[in-house]
Amino acid sequence: MEKEIVMTYAGLRALEDELEQLKTVKRKEVAEKIKVARGYGDLSENSEYDEAKNEQGLVEGRIALLEKMLKHARVVTEDELSTDHISVGSHVRIKDEDGDEDEYDITGSTEADPVNGKISDESPIGAALIGHSVGEKVDITLPSGAVVQYEVMEIGRAEL
């Protein structure tokens with residue numbers, strides 16, 4: 001059985017939008033590039049044709065991946081979100097041992113964007129925080145091997 005992909009409604013919409021764009025716009029653009037490149041003559045030494053065919057393969061691969069992800073997607077609903085425990089769809093404020101505070105939205109792996117404060121439930125920090133409550137201290141092993149302790153200060157709902 002395939003792994004269930006947990007995501008927010010916003011993440012689902014983003015994947016659906018990307019899939020639609022690839023199918024309706026990008027496919028046509030690549031087909032046109034192939035058509036133009038064929039007009040250049042001998043395909044065995046035609047770098048434009050080779051490049052367009054490679055791009056076509058990447059586009060079709062991404063379409064197949066998105067379709068598979070959407071097939072196995074489970075959207076977290078408002079009813080499932082609790083402010084008692086951290087889960088996908090939670091907005092959390094945590095404090096480290098030095099008193100520095102960070103805020104994150106816990107998302108599914110397809111929506112992660114650490115630069116913008118969205119971390120995956122499969123990332124070291126996200127995975128360690130799942131299931132914890134306000135006031136609990138959580139030891140998190142970072143990829144470097146260092147262990148950092150965070151205290152959960154606040155749990156809210158991320159904007160879905």
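**View 1. Lys26 and its salt-bridge partner in the predicted model.** Lys26 is partly exposed, with a relative accessibility of 22%. This is a predicted model. The Lys26 side chain forms a salt bridge with that of Glu55, at 3.0 Å from N to O. Lys26 belongs to helix 1 (residues 9-38) and Glu55 to helix 2 (residues 47-71), so the pair joins distant parts of the chain, 29 residues apart. Glu55 counts as buried because its relative accessible area is 16%, under the 20% limit. A network of salt bridges connects Lys26, Glu29, Lys33 and Glu55. The structure as a whole has 12 salt bridges.

**View 2. Helix 2 and the elements that cover its buried residues.** Helix 2 has 25 residues, and at 1.5 Å a residue it should span 36 Å. The C-alpha atoms at its ends are 36 Å apart, in agreement with that value. Which residues of helix 2 are buried? They are Tyr49, Ala52, Glu55, Val59, Ile63, Leu66, Met69 and Leu70. An α-helix has 3.6 residues a turn, so residues three or four places apart point the same way. The cover over the buried residues of helix 2 includes strand 1 (5-7), helix 1 and strand 2 (73-75).

View 3. Side chains of opposite charge can pair when their charged atoms come close. Arg93 forms a salt bridge with Glu101, at 2.8 Å from N to O. Glu101 is partly exposed, at 41% relative accessible area. Arg93 also forms a salt bridge with Glu154, where the closest N and O atoms are 3.1 Å apart. Glu154 is in strand 7 (residues 147-157) and Arg93 in strand 3 (residues 90-96), so this pair ties together parts of the chain 61 residues apart in sequence. Glu154 has a relative accessibility of 39% and therefore counts as partly exposed.

**View 4. Glu111, a buried residue with no salt bridge.** Glu111 sits in the loop between strand 4 (101-107) and strand 5 (118-120). How far away is the nearest side chain of opposite charge? That side chain belongs to Lys118 and is 6.0 Å away. The Glu111 side chain does reach the backbone nitrogen of Gly11, at 3.3 Å. Leaving out residues up to four places away in sequence, Glu111 touches Val6, Met7, Thr8, Ala10, Gly11 and Lys118.

Definitions and conventions: Residues numbered from 1 in each chain as written. Predicted model: local features only at pLDDT ≥ 70, side-chain atom pairs only at ≥ 80, totals over all residues. Heavy atoms only, no water. Helix = DSSP H or I, 4+ residues; strand = E, 2+ residues; numbered from the N terminus. Buried < 20%, exposed > 50% of the residue type's maximum accessible area, 1.4 Å probe, protein only. Lys, Arg positive; Asp, Glu negative; His and termini not counted. Salt bridge = Lys/Arg side-chain N within 4 Å of Asp/Glu carboxyl O. Polar contact = N/O pair within 3.5 Å; in protein donor to acceptor, adjacent residues only side chain to side chain. Contact = heavy atoms within 4.5 Å. Expected span 1.5 Å × (residues − 1).
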